[in-house]
Amino acid sequence: MDRRTFLKTMGIGSGILLGAGPRIVHAGEPLPDAATVLVDTTRCIGCRLCEEACAQANSLPAPDLSDLTVFDRKRSTSETALTVVNRYTVEDAEIHVKTQCMHCSDAACVSSCLVNALKKEKEGPISWHTNCMGCRYCMVACPFDGPKFEYHSAAPRILKCSFCYATRLVNGRKPACVEACPMEGLSFGTRSEMLQEARSRIANAPGTYVNHIYGEHEVGGTSWIYLSPVPFDRIGFRTDLGTTPYPVLTKGYLKTVHGIDLIVPPLLFGLAFLSRRKRDQDKD
Amino acid sequence: MDTQTTTETFSLAQELKPKRPYLTPFNIITAPVILLGVVLIVMRFALGLGSVTNLSQEFPWGLWIGFDVLVGIAFAGGSYVISFMYYILGKRVYHPIVRVTVLNGFLSYSFYAGALVLDLGRPWNAFNFLIGNEFGVASVMFMVAWHFFLYTLLLLVEFVPAIAEWIGARRLWRAVNWVNLVAVVLGITIALGHQSGVGGLFLLAKAKIHPLWYSPLIPLLFLVSSMFAGLCMVIFEGSITSRAFRARLSDEMSSTHDTIVVNLAKVCTGIMAVYLVLKVFDLLRGNTWGLLATPFGAWYLLEVVGFVVIPGALFFSGARKQSLSVIKAAAVMAMIGIFINRFNFVFIAYNWTEPVRYYPSWMEIVVTLTVIFTELWVYRWMINRMPVISKRPRWAQEHGQDQDVNKTSQAV
């Protein structure tokens, strides 16, 4: 084999080795029959029975429901409380907002995981699996700060709302929090049903709601969607997230890297060959 | 064919012995830190990350990712840039430093990317991305992890000739010598992927990183900054190595050191100029220049003007005046700029609206120092034994890959 053939073979070989991976796929459009919860913040009274039901369903420490000081400051979910209710006072009205993992249709966390430990189930929920390495990239990636990490465990898990997927949903039962809500503030159904329900509530009670269903389009759609009497940025929601699904942010870049892995080796071999030939000529 | 695989002078027992007295100032300072670090690492694995780090739900990444991985990998960028200039562009002037740069790269990747294991919550799953449990192909982290792994192996291949010369394994030397160019080419390619990729990780942190730093150009900015960061490290490390290991330096190495430093300063000037153009373009593209009048804007200007523009200008004047001290000062300043830049992405400009800030605990700092010091111990051990900065055995000089790769590939 002469040098030229050798270099050519190596170039093509390395290109195939490095560049040809499985195609990058992501979920795309929200599925109309994905399991979805509609949260109506005008109905929520801040009783926090959903927090209690959640703790029970996930074997986490029970919250003290009589402690009203929890509303003094904004709380985030944590590794021991996968859903929390916050109180916002807007123009003398108290509005209560339940928060948990939003179960995005095309989620940042799912695309961020290098071992697919966070999976989008076919019914819609995103669940965590034990092949997780604990790198916490999902926590960096999630725009809603959904995933939480057990910092004080030698075998830590990523914890977040599981939509009660494995324990209830697959058996045809509603999530524990939905069942516990005494105000019908949480409604459970398919995505298309819940969007329709939200739209009819806005239409049937003029002046009660702002004309915006949070989660219909945000970051490409979420499986927890919200109604509010006031603009969403006043009750703790981020309204600057856009409607592009997060995985799109890295898609073009990853394609570029695959291109680099394919194109650069032959170029480098060629350059090395040229610079050496030039040197040989200079010597002569 | 010469089948002799060992020389008379090599003796493993002899080589394993320490070559210097134990009680050097370096050892007296570093040994207790390393011992304490080992205790903390045991604690971290027994009780969880929260027992030694200040990491939180709001700041999942801290000093260990920020320094060990992001800064460490940027500083290791010298290995691909020098390899590119020497092997691909044929810039012979860099010949004396190719091997020491490759060694530095290899050790940086082994230790700093290796230190990632300390930060993993579930390290027993650390190899899942390799063995297919499972392949998260849509993840930038997946690409970076694979590239780290392959690059470390390729740097090892590039360094094997030095090991072969050390133990006198001529057959091994010949075997690896002809794959060297392949390792170099694949190595450079892969370095482009992961140097940009550690920045690409933050593309998903759009909601969290201050708009002055968040940009679709993050991967390109990380890549370009890794080029000058790596060369600054080569300058910095070279000035220390040439002092600390003066007795080991080959004539070639000591006689060309100054010329190489001046050449590197010229290259750094060019790369930093490109980086600045990209930074300015990014401000205009993102229409974020209005934010420069805020506290974070001042911090941004300090990073870009204080630790990119000024060292860039110093490199320029240092190279013109052939002043080594100016060049070294420029290198140190640019390296500080890399610290600031990478820390911004991980915890300073990250979650910038969060009132409770992250700062590293003393234990995180001790563990980081442990990683650095252990690397330096291994580095010293290898420099004192293998022909890295010292003269190579005569048999390896005759038609080595560094002398002329052409001859080697013709021999194939």
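A residue is termed buried if 20 or more other C-beta atoms, placed from the backbone, lie within 10 Å of its own, exposed if 12 or fewer do, and partly exposed in between. The views show a predicted model, in which local features need pLDDT of at least 70 and side-chain atom pairs count only at pLDDT 80 or more, whereas totals for chains, interfaces and linings use all residues. Residues are numbered from 1 along each chain as its sequence is written, and chains are lettered from A and ligands numbered from 1 in the order in which they are written.

**View 1. A:Asp145, a residue with positive phi in chain A.** Although A:Asp145 is not a glycine, its phi is about 55 degrees. A:Asp145 is buried, with 20 other C-beta atoms within 10 Å. The residue occupies the loop between helix 4 (137-141) and strand 6 (148-149) of chain A; helices (H or I, at least four residues) and strands (E, at least two) are DSSP runs numbered from the N terminus.

**View 2. B:Gln322, a residue with positive phi in chain B.** Phi of B:Gln322, which is not a glycine, is near 55 degrees. B:Gln322 counts as partly exposed, having 13 C-beta neighbours inside 10 Å. Its loop runs between helix 13 (295-321) and helix 14 (324-348) of chain B.

**View 3. The cis peptide bond between B:Asn133 and B:Glu134.** Omega of this bond is about 5 degrees. B:Glu134 lies in the loop between helix 7 (128-131) and helix 8 of chain B. Most peptide bonds are trans.

**View 4. The largest nonpolar core, with 186 residues.** Such a core is a set of buried Ala, Val, Leu, Ile, Met, Phe, Trp, Tyr and Cys residues joined through C-beta atoms within 7 Å. The residues with the most contacts inside this core are A:Cys109, A:Ala141, B:Phe228 and B:Cys232. Helix 8 (residues 140-167) of chain B gives the most to the core, with 13 residues. Apart from this core lies another, of five residues, including B:Ala164, B:Ala169, B:Trp173 and B:Ala396.

**View 5. The surroundings of A:Cys109.** Neighbours within four places in sequence are left aside, and contact requires C-beta atoms, placed from the backbone, within 7 Å. On this basis, A:Cys109 is in contact with A:Leu118, A:Ile126, A:Cys138, A:Ala141, A:Cys142, A:Gly146 and A:Pro147.

**View 6. Residues 6-26 of chain A, where pLDDT stays under 50.** pLDDT is the predictor's confidence in each residue, from 0 to 100. For this segment the model has 33 contacts beyond four places in sequence. The mean pLDDT of chain A is 90, and 90% of its residues reach 70 or more.

How values were computed: Contact = placed C-beta atoms within 7 Å.
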